[in-house]
Amino acid sequence: MTARAPCGAAFHGANALDDVLPPATVVSHRLTNGLRVLARRKPGCGVVAIATYVGAGYFDETDDIVGIAHVLEHMYFKGTPTRGVGEIARETKAAGGVLNAATIYDHTHYYAVLPAAAFEAGLAIQADAYANSLIDQGELSRELEVIIEEAKRKADSPTAVATESLFELMHDVHRVRRWRIGREPGLRALRREHVYAFYRRLYRPGNSVIAIVGDVDPDAVVRAVESRYGHLTDGDVMRDRGAAEPARAGEFRYRELDGDVQQSELVIGWRTPGVAHADSPALDMAAALLAAGRSSRLYQAVRDRQLASSMQAWNYTPGEIGMFVLHARAKPETAPRAMGAAWAQLAHLRDGDASEAELARTRVTLYADAVRRLETAEGQAHHLGWWELNGGWRNGGEYLARELAADRTAVANAASRW
C-alpha cells in the first residue's frame, strides 16, 4: 500500500486516514436490534476478515468473577446446539480460514480470516458462536485447567508481574488494579451459570459491532449479516464497571519486588485520561517522541548507551482511564541509570524541548505505523470494529489527525498536567 507521508501538523485536515479508508468505501448499517455492521470491499486481496467486537471485558467483572471475560472468550468457540466441541474450528479450517480471539479491559473480539469465496460459510459459523454458545459445564471444567496453567505462566513472567503490579500501585479502587486474567482459586470457583449469565447479560446486539473487510460486495455483506443476525433480540446491557478512581495528586508510590530473574524490570507510571480526552493525542505524541524508532530520545539516551536491553514508553487508554508508562529491561547494575536517563528525557519534553525536525520525524513514524496496520483486510476490520465500539469508526482517523497536529507546546502542556 502506498501512502502519502505527513509534511506538517495539519497535513490531512480533520481526518488523517481518509486516503486509506475513504468514507464512501465503508458501508455502515445498524440492524433494528441495535447490531452495528461495517463492510468494506478490498479488491484483489482474495480474502475476507470477519471481526466481532463486544463491549465486554475485565472492567465488566465484579470481584467475585475476576477473569470471567477471558474464560468466556475460551468457551465462545466450544460448541453450539448444531456444532459440537471442536467443530467450529474444524469447519473454519476446512474452509481455508483461521480463527482467533482476544480479551482486554474494555472489550473482547473474535475474528476469522477466510478465502473470500468462503464468506457465507464463515459468517454462518461466527453467527452461530455469537448467538448460541452452549458453555457446557464439563467442557468448562476442562478449559479452566488450561486457563489456570496460562495464569500460572503469566505469574512467572517478569514483564507481566511488573506491569500489573504497577497498575495496582497506581489505583486504589478502579478495576484496572486487579490481576486481569484471574487467580487460581477464583477461576476454580467459576461455574457454568456464572459464565452463561455474563454471556447473556453483555453479548447483546446493541453492545456489539461486526466489521467485515475483503474481496466481497459490501451491500451483499450487509444483507448476509441481516439474515444471520437480524432475528436476534436485543436487551438492556446490565453493565457494572465498578467505582471510578478518585482524584489524587502530588503522591509518589513505590514498590520493589525481588525475584529470580536475569534482568530487572523497571516501570514508572502516571495516571492519564481516557481515549476521548483532548490531552490523549498529545500524550501519545509524547510517548512516540520518547520511544518510537531508533531516532527516538530513549533509544539514543538509553539503548545506544547500553543502559538497557529494552526501553519503551506508551500511553494506554482503555476506555475512560489512561496510563502513561516508562518501561525498561536492564541489568541490575545499569537499571538505575537507565531509568534516570528516561526520566530526564521526559522532563525535557515537559519543558517544551522538542525540535520541529524531531516532531516531523515522529509524525512520519506515527502515520506510517497507522497505515501499516491497515494494509490487510484483517487490520482494517479490527480498526473499524474497535473505533466503532468507541464512538464511531471515523474517530480513528480524527484521533490520528490530532496526534499528528500536536506541537511542542501541546506535548509540554499535556505532559506537565499529567
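**Reading the sheet and helices**

Biologist: Let's start with a pair: which residue of strand 6 is the bridge partner of T52?

Modeller: In this predicted model, T52 has I210 of strand 6 as its bridge partner.

Biologist: Nice. What holds paired strands together in general?

Modeller: Backbone hydrogen bonds do that, whether the pairing is parallel or antiparallel.

Biologist: In what order do the six strands of the open sheet lie?

Modeller: The order is 1-2-6-3-5-4, with mixed pairing.

Biologist: Why do strand 1 and strand 4 stand at the edges?

Modeller: Strand 1 (26-30) and strand 4 (98-103) each have a single partner strand, so one side of each lacks a neighbour in the sheet. From one strand to the next, the twist averages 15 degrees.

Biologist: Which strands does helix 8 touch as it packs on the sheet?

Modeller: Helix 8 (residues 218-229) touches strand 1, strand 2 and strand 6, and its direction makes about 150 degrees with that of strand 2.

Biologist: Why is strand 6 described as mostly covered?

Modeller: Buried means under 20% relative accessible area, and seven of the seven residues of strand 6 are buried. On one side these are S208, I210, I212 and G214, and on the other V209, A211 and V213, so both faces are covered.

Biologist: What about T80: buried or exposed?

Modeller: T80 sits in the loop between helix 1 and helix 2 (87-94). Its relative accessibility is 3%, and the cut-off for buried is under 20%, so T80 counts as buried. Leaving out residues up to four places away in sequence, T80 touches I88, D128, A129, N132, S133 and L134.

Biologist: At what angle do helix 1 and helix 7 pack, and what is that arrangement called?

Modeller: Helix 1 (residues 68-75) and helix 7 (residues 192-202) pack at about 90 degrees, with axes 10 Å apart. Angles of 65 to 115 degrees count as roughly perpendicular, so helix 1 is roughly perpendicular to helix 7. I68, A69, V71 and L72 of helix 1 meet H194, V195, F198 and Y199 of helix 7. Seven of these contact residues are nonpolar, one is polar and none is charged.

Biologist: Finally, how far does helix 12 reach?

Modeller: Helix 12 (residues 356-373) has 18 residues and reaches 26 Å from first to last C-alpha, close to the 26 Å expected at 1.5 Å a residue. Its buried residues, including L359, L366 and V371, pack against helix 9 (280-291), helix 10 (297-303), helix 14 (395-405) and helix 15 (408-417).

How values were computed: Residues are numbered from 1 along each chain as its sequence is written. This is a predicted model: local features need pLDDT of at least 70, side-chain atom pairs count only at pLDDT 80 or more; totals for chains, interfaces and linings use all residues. Side-chain values use heavy atoms; hydrogens and water are left out. Axes are lines fitted to C-alpha atoms, for helices over the stretch in contact, and angles run from 0 to 180 degrees between N-to-C directions. Helices (H or I, at least four residues) and strands (E, at least two) are DSSP runs, numbered from the N terminus. Angles under 35 degrees count as roughly parallel, over 145 as roughly antiparallel, 65 to 115 as roughly perpendicular and the rest as oblique. Contact means heavy atoms within 4.5 Å. Ala, Val, Leu, Ile, Met, Phe, Trp, Tyr, Cys and Pro count as nonpolar, Asp, Glu, Lys and Arg as charged, and the others, Gly among them, as polar. Two strands pair if DSSP finds at least two bridges between them. Buried means under 20% relative accessible area, exposed over 50%, partly exposed in between (1.4 Å probe, protein chains only). The expected span of a helix is 1.5 Å times one less than its number of residues.
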